[in-house]
Amino acid sequence: MQTGLYVVGTPIGNLSDMSPRAIDVLQNVDLIAAEDTRVFGKLAAHFDIKTKRVSCHEHNERDVVGDLIQKIQNGMSVACVSDAGMPGISDPGFRLVRAARAAGVPVFVVPGPVACISALVLSGFPTDRFTFCGFFDEKKLRDDNKIPHTIIYYESPNRVMATIAAMARVMPERKIAIVREITKIHEEAIIGYPAELVNIMPPRGEIVIVVAPRPEMKMSDAQISEIVNDIAATSMKSAAADLAARTGISKKESY
């Protein structure tokens, strides 16, 4: 193997998605930096990967990056893998790649499945422009709603119903797709307006939420009036900002 850092994508659920190149790289590098060596151990056993491995996860990445870069500078080949999907996409790996670039060592990518892109395609929403916002944060939702094109979030099954309820309050006019268990037996895409989905059976498994672009047409006066009644108890300034975020009208108009 050529000296350098190899960023290797692994399956997000279906082992058949493991590429021959990924197997070859992981079998032949000198060292594998894995998010969780126990999780990777199951994949390694399936594909007869016996390479030495070390942990490189969210809580120790800053501490181990320097040592891994030193090993590469000394002539080793090191692969980076997360528990599933592409390292660095809401998973460890970003800091390691950044450090490798800063140190001037070679970096190679071995592409693999990515949950956010797979969910985007499954949703049927426009793909020409989209923003991946990582794990959902309700505190940022009003700002996120200003993004006019498709939005993608990762979410936990324990929080997904609360997330749908928040979206029903803040972005009721935008359709969402709750995509779960991608590439697995129970793969499913549940699509509708947030208010239509607040009472569904809580989805299980790994979840990605895709939000459709903001409608080009503004809401009717009746729809705006309904939202006004909903937020009227707050201060005028706060209510105006809320109305603008939820309807697409300007802050001046909403005030």
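1. One aromatic cluster is made up of Phe-132, Phe-135 and Tyr-154. The model is a predicted one, and a search of the whole structure gives four aromatic pairs. Phe-135 and Tyr-154 form an edge-to-face pair, with 5.6 Å centre to centre and 65° between the planes. Because Phe-135 belongs to strand β6 (residues 130-135) and Tyr-154 to strand β7 (residues 150-155), this pair ties together parts that are 19 residues apart in sequence.

2. Phe-135 is partly exposed, at a relative accessible area of 48%. Tyr-154 has a relative accessible area of 10%, and since buried means under 20%, Tyr-154 counts as buried.

3. A further aromatic pair joins Phe-136 and Tyr-153. This pair is also edge-to-face, with 5.1 Å centre to centre and 75° between the planes. Phe-136 sits in the loop between β6 and α6 (141-144), while Tyr-153 is in strand β7, so that distant parts of the chain, 17 residues apart, are linked. Phe-136 and Tyr-153 are both buried.

4. Which residues have the most contacts inside the largest nonpolar core? They are Leu-5, Leu-68, Leu-96, Ile-182, Val-208 and Val-210, in a core of 31 residues. Leaving aside residues up to four places away in sequence, Val-210 touches Ala-119, Leu-120, Ser-123, Phe-125, Thr-150, Ile-151, Ile-152, Lys-175, Ile-176 and Ala-177. A second, separate core has 19 residues, including Leu-141, Val-170, Ile-207 and Val-211. In soluble globular proteins, nonpolar side chains tend to be buried together.

5. The largest pocket holds about 550 Å³ of space. Its lining comprises 24 residues, and Ala-84, Asp-91, Ala-115, Tyr-154 and Glu-206 lie nearest its centre. The elements β7 and β10 (207-211) are those that give two or more residues to this lining. By class, the lining of the largest pocket has 13 nonpolar, four polar and seven charged residues.

6. The lining of the second largest pocket has three nonpolar, five polar and five charged residues.

7. Is helix α7 (residues 160-170) mostly covered or mostly exposed? Eight of its eleven residues are buried, so that this helix is mostly covered. The buried residues of α7 are Val-160, Met-161, Thr-163, Ile-164, Ala-166, Met-167, Ala-168 and Val-170. Val-170 is also one of the residues of the second core.

8. Phe-40 lies in helix α2 (residues 37-46). Because buried means under 20% relative accessible area, Phe-40 is buried, with a value of 4%. Phe-40 touches Leu-26, Ile-32, Ala-34, Ile-49, Arg-53 and Val-81, not counting residues up to four places away in sequence. The C-alpha atoms of Phe-40 and Thr-150 are separated by 33 Å, and the two residues are 110 residues apart along the chain. Thr-150, in turn, is one of the residues that Val-210 touches.

Conventions
Residues numbered from 1 in each chain as written. Predicted model: local features only at pLDDT ≥ 70, side-chain atom pairs only at ≥ 80, totals over all residues. Heavy atoms only, no water. Phe/Tyr/Trp six-rings, centres within 6.5 Å; stacked < 30°, edge-to-face > 60°. Helix = DSSP H or I, 4+ residues; strand = E, 2+ residues; numbered from the N terminus. Buried < 20%, exposed > 50% of the residue type's maximum accessible area, 1.4 Å probe, protein only. Core = buried A, V, L, I, M, F, W, Y, C linked by side-chain atoms within 4.5 Å. Contact = heavy atoms within 4.5 Å. 1 Å grid on protein atoms, 1.4 Å probe; cavity = no way out; pocket = protein on both sides within 12 Å on 5 of 7 lines; lining within 4 Å. Points joined across faces, edges and corners; volume = space filled by probe spheres on them. Nonpolar A, V, L, I, M, F, W, Y, C, P; charged D, E, K, R; others polar.
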